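Reader: I would like a close look at a single part of this model, taken step by step. Please begin with the strands and then turn to the ligand surroundings.

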Amino acid sequence: MNKKILVTGGLGYIGSHVVVELQNEGFQVIVIDNLSNSSMDVLDKIIEITGITPLFEKIDLRDKNMVSDFFKRHSDIYGVIHFAASKAVGESSNNPLKYYENNISPLVYILQQLEKIKDQNFIFSSSCTVYGQVDKSPITEDTLLKKAESPYGNTKKIGEQIIEDTCKINNNLNAISLRYFNPIGAHSSAKIGELPIGIPQNLVPFVTQTGIGIREELSIFGKDYPTPDGTCIRDYIHVVDLAKAHVIAMKRIILKDNSDNYEVFNLGTGKGSSVLEVVNAFEEISGIKLNYMFSERRAGDIAAAFADTQKANKILGWKSELSLNEAMLSAWEWEKKINSNI
Ligand code: NAD
Ligand code: UFG
């Protein structure tokens, strides 16, 4: 496939891995990013990995005129994968309007431009956060969406609803929302990966930063959950597996293999891992004894959340392949690499 695909937020953590996989599969890629949470170095690394230079435009997608101008200049775009968004859950509670603006306006502007195109293929970065405080796992796509836990989570719910409503009245639009569980890890080259700003809120970057000595100690939030070892269970998916699912999803709609013009898929491994299992995996692959202690539960955390991936496995024909240890090893190699450059 040599079709031209727009990847918004393509210099970010997940987007950069998807650009690599798209280029590996022969797609022409054009990236839009405003560099609010990424840097131009990532573009160089993508070129180093793939040997291919994607087109790049620095555009802030909140600027409706810039979005319209971009689509006028690129009438040959065949599909859009929309990653660009703000993603810090805590920040979203302190600054909800930033999230409602950045995570909703660009989505609407892009969909408005797609209406002018004959073949409209659109993939949306959603999250398992849309399920809210689930009662049980594994979580299927049919699980009732409960109230969002944060403005960030709400933007993902609203985003999905906007796409679904638009698909209902526009048969030319083929869209898929991908609900990611917990993406972790980095590319095997250790050239691209996650770059958390400040103190990481997520488990895996906190673990690797503790391993390398940036953080003194990991706090494990709660040890009395109703799980086998008392710590919370999540579904940690390797970012490269996640990236490959985007390419498969894009091909599905381009080839019109989709059964409905709006579809939703969970992207996870289908296997839950506890916080202690993640710590053990890190210790195993690094040979380092991690400094950790148990602290109070974190507000809003649920005991267990992992995906039922049968729909993605059967209908999308995608399955995660990489193990927790492989993901932790790649995260660790990445952590060592970024610190060796300082
Ligand atoms: P990221 O912050 O690394 O990447 C987002 C990219 O979008 C950044 O490069 C940023 O500069 C760019 N961007 C943000 N606002 C923009 C704007 N207005 N115009 C142009 N570019 C803009 O985040 P990520 O982890 O790669 O996440 C990508 C997507 O996946 C997001 O939509 C996020 O909500 C979603 N998601 C992420 C996770 C996760 O754990 N990382 C989980 C579920 C869903
Ligand atoms: N945890 C710790 N110590 C830490 C950080 C996390 O014990 O320092 C624990 C948490 O309590 C949780 C598990 O590790 O049990 C995973 O926590 P993360 O913050 O890495 O991931 P979450 O599942 O809580 O959150 C993720 C994304 C959010 C998204 C949410 C629901 O990071 O963006 O899933 O989709 F909103």
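In which sense do strand E9 and E14 pair, and over how many bridges?

Author: In this predicted model, strand E9, which spans residues 233-234, pairs with E14 in the parallel sense, and the pairing runs over 2 bridges. Within that pair, Ile233 stands opposite Ala304, a residue of E14. The two strands belong to an open sheet of 3 strands, ordered E12-E9-E14, in which the pairing is mixed. Strand E12 (273-274) and strand E14 (304-305) stand at the edges with a single partner strand each, so one side of each is left without a neighbour in the sheet. In general, the strands of a sheet pair through backbone hydrogen bonds, and they do so either parallel or antiparallel.

Turning to ligand 2, there are 19 residues around it, of which Asn202, Leu203, Ser219, Arg298 and Asp301 come nearest. A polar side-chain atom of Asn202 lies 2.5 Å from an oxygen atom of the ligand, and an N or O atom in the side chain of Asp301 is likewise 2.5 Å from an oxygen atom of ligand 2. Ser219 contributes through its backbone, where an N or O atom lies 2.8 Å from a nitrogen atom of ligand 2. Ligand 2 taken alone exposes 680 Å², and the protein buries 86% of that.

As for the make-up of the shell, 10 of its residues are nonpolar, 6 are polar and 3 are charged. Strand E8 (residues 218-221) supplies the largest share, with 4 residues, while domain 1 (4-184 + 237-267) and domain 2 (203-235 + 270-338) each provide at least three residues.

Key
Residues numbered from 1 in each chain as written. Chains lettered and ligands numbered in written order. Predicted model: local features only at pLDDT ≥ 70, side-chain atom pairs only at ≥ 80, totals over all residues. Heavy atoms only, no water. Near = heavy atom within 4 Å. Polar contact = N/O pair within 3.5 Å; in protein donor to acceptor, adjacent residues only side chain to side chain. Areas by Shrake-Rupley, 256 points an atom, 1.4 Å probe, with all protein chains shown as cover. Nonpolar A, V, L, I, M, F, W, Y, C, P; charged D, E, K, R; others polar. Domains from an automatic or database assignment. Pairing = 2+ DSSP bridges.
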